[in-house]
Amino acid sequence: MIEIEIPGRKENLAIDHLVLDFNGTLSLDGRILPGVADLLRRLAKEVNVHIVTAGTFGGVEGQVAGIPCVLKVLSGPGQTRQKARYVKAMGAGRTACVGNGRNDRDMLRRAALGILVVQEEGASAESLMAADVVCRDIASALGLLLNPLRLKATLRS
Ligand SMILES: [Mg+2]
């Protein structure tokens, strides 16, 4: 568990699960971004890591091999809802999410901590409004969880 005290909030943020989008968040053009696997391996010692993806580019399994995580490849329509439902099933109140796309908006809104990343693929403006924090890239986003004082500085009121 990662626990973060944030001034202005009634309760500490307590995170057991980290749910991440793959395309545009952990990867570019289907390939995992440099450094991501190491950061996720470090985080996996503290929280349960889940990668939830539509698998647009295929080959996700190979890209995340070596990362201790649950991989959930979605299929069929309603992927926004499927992602949000996945977070709800984990316990949204103890889950942090990272995503960039429009279909991440409901999981970002629902999670106790929603982080939007803006990288080469860009990010959905609707998802931006649903997030708690916006980061320039995935290393910064995961860095917030590895260094909770940074998050405290961003979210305190
Ligand atoms: Mg995406």
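**Strands, a magnesium ion and some salt bridges**

Guide: Let's start with strand β9, which is covered on both faces: L113, I115 and V117 are buried on one side, and G114 and L116 are buried on the other. Just so you know, this is a predicted model, where local features need pLDDT of at least 70 and side-chain atom pairs count only at pLDDT 80 or more, while totals for chains, interfaces and linings use all residues. Residues are numbered from 1 along each chain as its sequence is written, and side-chain values use heavy atoms, with hydrogens and water left out.

Visitor: Why is strand β9 called largely enclosed?

Guide: Five of its five residues, 113-117, are buried, so the rest of the structure largely encloses it. Buried means under 20% relative accessible area, exposed means over 50%, and partly exposed is in between (1.4 Å probe, protein chains only). Strands and helices here are DSSP runs, numbered from the N terminus: E for strands, at least two residues, and H or I for helices, at least four.

Visitor: How do you know that β8 and β9 pair?

Guide: Two strands pair if DSSP finds at least two bridges between them. β8 (residues 95-99) and β9 have four, in the parallel sense, so they pass. One spot to look at is A96, which stands opposite L113 in β9.

Visitor: What pairs with β9 over three bridges?

Guide: That's strand β10 (residues 133-135), again in the parallel sense. There, C135 is the bridge partner of V117. Between β9 and β10 the chain crosses through helix α5 (residues 125-130), in a right-handed β-α-β crossover. The word right-handed is used if, with the strands pointing away from the viewer, the path from the first strand over the helix to the second runs clockwise. β8, helix α4 (residues 105-110) and β9 also make a right-handed β-α-β unit.

Visitor: Which strands pair with β6?

Guide: β3 runs parallel to β6, with five bridges joining them, and β7 (residues 70-73) pairs with β6 in the parallel sense over four. As for cover, five of the six residues of β6 (residues 48-53) are buried.

Visitor: What makes D21, N23 and N100 donors of the magnesium ion?

Guide: Donors are N, O and S atoms within 2.8 Å of the metal (3.2 Å for Na, K and Ca), and sites may look incomplete because water is not among the atoms. D21 (OD), N23 (O) and N100 (OD1) coordinate the magnesium ion at 2.1 to 2.2 Å, so they meet the cut-off. Along the sequence, their spacing is D-x1-N-x76-N. D21 and N23 are both buried.

Visitor: Why is the contact of R94 with D16 called a salt bridge?

Guide: The term asks for a side-chain nitrogen of Lys or Arg within 4 Å of a carboxyl oxygen of Asp or Glu. The closest N and O atoms of R94 and D16 are 2.4 Å apart, so the pair qualifies. R94 is in the loop between α3 (79-90) and β8, and D16 in the loop between β2 (13-15) and β3 (17-21), so the pair ties together parts 78 residues apart in sequence.

Visitor: What makes R94 and D16 partly exposed?

Guide: R94 has a relative accessible area of 36% and D16 has 23%, so both land in the middle range.

Visitor: Which other salt bridges can you show me, and how many are there in the whole structure?

Guide: A search of the whole structure finds nine. Among them, D38 and R41 meet at 2.7 Å, N to O; being three residues apart in helix α1 (residues 36-43), they are separated by about one helical turn. E126 pairs with R105, the closest N and O atoms being 3.2 Å apart. That pair links distant parts of the chain, E126 in helix α5 and R105 in helix α4, 21 residues apart. D21, K83 and D104 are linked in a network of salt bridges.

Visitor: Is R105 buried or exposed, and what makes it that?

Guide: Its relative accessible area is 17%, so R105 counts as buried. E126, at 38%, is partly exposed.
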